[in-house]
Each structure stands twice: as structure tokens, then as C-alpha cells.
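The following exercises ask the reader to work through one protein model step by step. Please study the sequence and the structure before turning to the solutions.

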Amino acid sequence: MKKFYFVLIFIFLLLSPNQIYGISEINNEKNILITKSNSMKEINFDGKWTFQSEWKQTSWNPITSGENTVFHLRTAHQEDFIYILIDVISDTNADVGSDKATVCIDSKNNKSEFFDDDYCFIVHLEERNFIDTLLNKQNNFVIQGDTQSKKIEELEKIKVKDFVGVGTMSDKEDKYSGISHASYEFKIPIELIGRSDIYGFYVNVFDANSNVVYSWPEDIKLENFDIPSSSLWGNLISPDKSLLENSVNESIDSFIILLVIVISASIFFIIFKKRLLKRVK
């Protein structure tokens, strides 16, 4: 009987979709850990932290310059999208159309000198009104890399249907500062970049009033707005490899686990019933 229980436990662990995997050198300064969240569908894409719990179930990384935090980076993924909030508490001047935030992802993470298989998502600060919100107006664009270009100016702008990117000024609901400041929200389709447990990753924000670029990794220094080659980027890591799972696989895994539980319970009930009948006799 004990052997039977051990077999059931082994099967359950084998089929579980949430196994934890070790990743070496996970805590160095060039790694961002992204979490799986179940609340990202509640995000209101207006470019800011809109209500108290909106971005709470996400990974948090304060990005500094010198001794000061210049922006807060929140990351998560759910089903077919990666979600990112860049909360730039240092930029308190609304330079609409000039202030911007950039997220770059290297699907191969090959740290190449060229922008091959790289995507950069660039969102400009907006002054949104009711009509803009109603029509879902967004001041953003996506750049796709190639195997020959080393400069961002050489890359092609593409349209990505399901990409959402909105930037605006924060309000009283912001978690990090009561002073109004630039803030940016991203919703990036995983289908575009491909599923991986580790991507090349780069983030920067441009403060037009100060003419300053703040980047992550923090050791990258730029005099003007630009995007360095992916050889200098850091890593976006899914430590439990849940980013490799799509919504279809998750449903199948859940069904298999439920089936195993039902079968195990049925077998246990049959064995228990037989023993009970023997005792009655």
C-alpha cells in the first residue's frame, strides 16, 4: 500500500506545471526576475498606477542613478503577454511627445553586436483626454532588429496588433510618489518575441527637460537617447520557467493533474471499501 502512495506522489510531481528550477548567478546586478501573476487582466492601460492593487502582484526593481532611485520597474507575465510598468519618479516635468520609455527584448539572448532577433518597444508621454481614451489612442511604436544593423536608426518600424503602450503623468493613486511624474505601461505579446525562460533585456527612459537618459542595466551610460547593442544588455529571467508555458499547455496540465487526482481518489476509495467489507464479514 505504501508503494502505491509513493507512485501516486511521484506521478503528481512529474506532471505538475509549477516545478521550481535552479538558475545559476541569479542574483547579480544584470538580472531582472519576472513573476507569473493572475491579476494582469485587471490592468487599466492608462499609463499609470491607477488603483492600489493594480501592479501589486508583480516583480519590483528600483533602478538607481548614483544614490537616488530614478524609476521603479514592475514586471509580470500572464498567459500570452508580458506586462511592464516603468514609474519614473525623477521626471516631474510633463514634456509631452518628448519624454519616452523604451523596453528592448532579445529573444535569442545571444548578446550580439547586431540587433538580430531584437525588438524595442518605445512609448512617448501623452496628455490623454476622454476622446483619446475612448479611441484607445497610443503614441508608441515597435522596432524590429535584423542581422546587419548596428544602429537603431537603421531598424524597421513595424505594426504589432496586440501591443499596448501608454505613457502619461501619475496621480494621487501612485504607489511611489505623491508628486506627479512620468509613468509608462507596456503589454507585450509573447507570440512576437517567442517563449523563453531567459531573454536579453534592456530598459531606458528619456527625461527631455533634463536631457538625460536613465538605463537598466545601470552601468550603461548614454549622453543622448540611443539604444546600445544587445551585447551590453542584462537578462529577464523566469526563475520557475513558467514563461515557457502557454495558456493551452496550462489548461492541459491542469486537466492532467485533475485527472490524476480523480483516479487516485477512486482507487483509494475502492481499496478502502474492500477493506471495510472484509471487516464487516
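Two exercises follow, each with a worked solution.

The model is predicted, so local features need pLDDT of at least 70 and side-chain atom pairs count only at pLDDT 80 or more, while totals for chains, interfaces and linings use all residues. Residues are numbered from 1 along each chain as its sequence is written, and side-chain values use heavy atoms, with hydrogens and water left out.

**Exercise 1.** Determine which cysteines form a disulfide and where they lie.

*Solution.* 
Step 1. A disulfide is a pair of cysteine sulfur atoms within 2.5 Å.
Step 2. The partners are Cys 104 and Cys 120, with sulfur atoms 2.1 Å apart.
Step 3. Cys 104 belongs to strand S6 (residues 100-106) and Cys 120 to strand S7 (residues 118-124), so the pair ties together parts that are 16 residues apart in sequence. Strands are DSSP runs (E, at least two residues), as helices are (H or I, at least four), numbered from the N terminus.
Step 4. The link of Cys 104 and Cys 120 is right-handed, with 110° about the S-S bond.
Step 5. Both Cys 104 and Cys 120 are buried, that is, under 20% relative accessible area (1.4 Å probe, protein chains only).

**Exercise 2.** Identify the residues that touch the most other members of the largest nonpolar core.

*Solution.* 
Step 1. A nonpolar core is a set of buried Ala, Val, Leu, Ile, Met, Phe, Trp, Tyr and Cys residues joined through side-chain atoms within 4.5 Å.
Step 2. The largest such core has 36 residues, of which Phe 71, Ile 82, Ile 86, Phe 186 and Phe 201 touch the most other members.
Step 3. Elements giving two or more residues to this core include strand S4 (68-78), strand S5 (81-88) and helix H3 (190-193).

Key: Buried means under 20% relative accessible area, exposed over 50%, partly exposed in between (1.4 Å probe, protein chains only).
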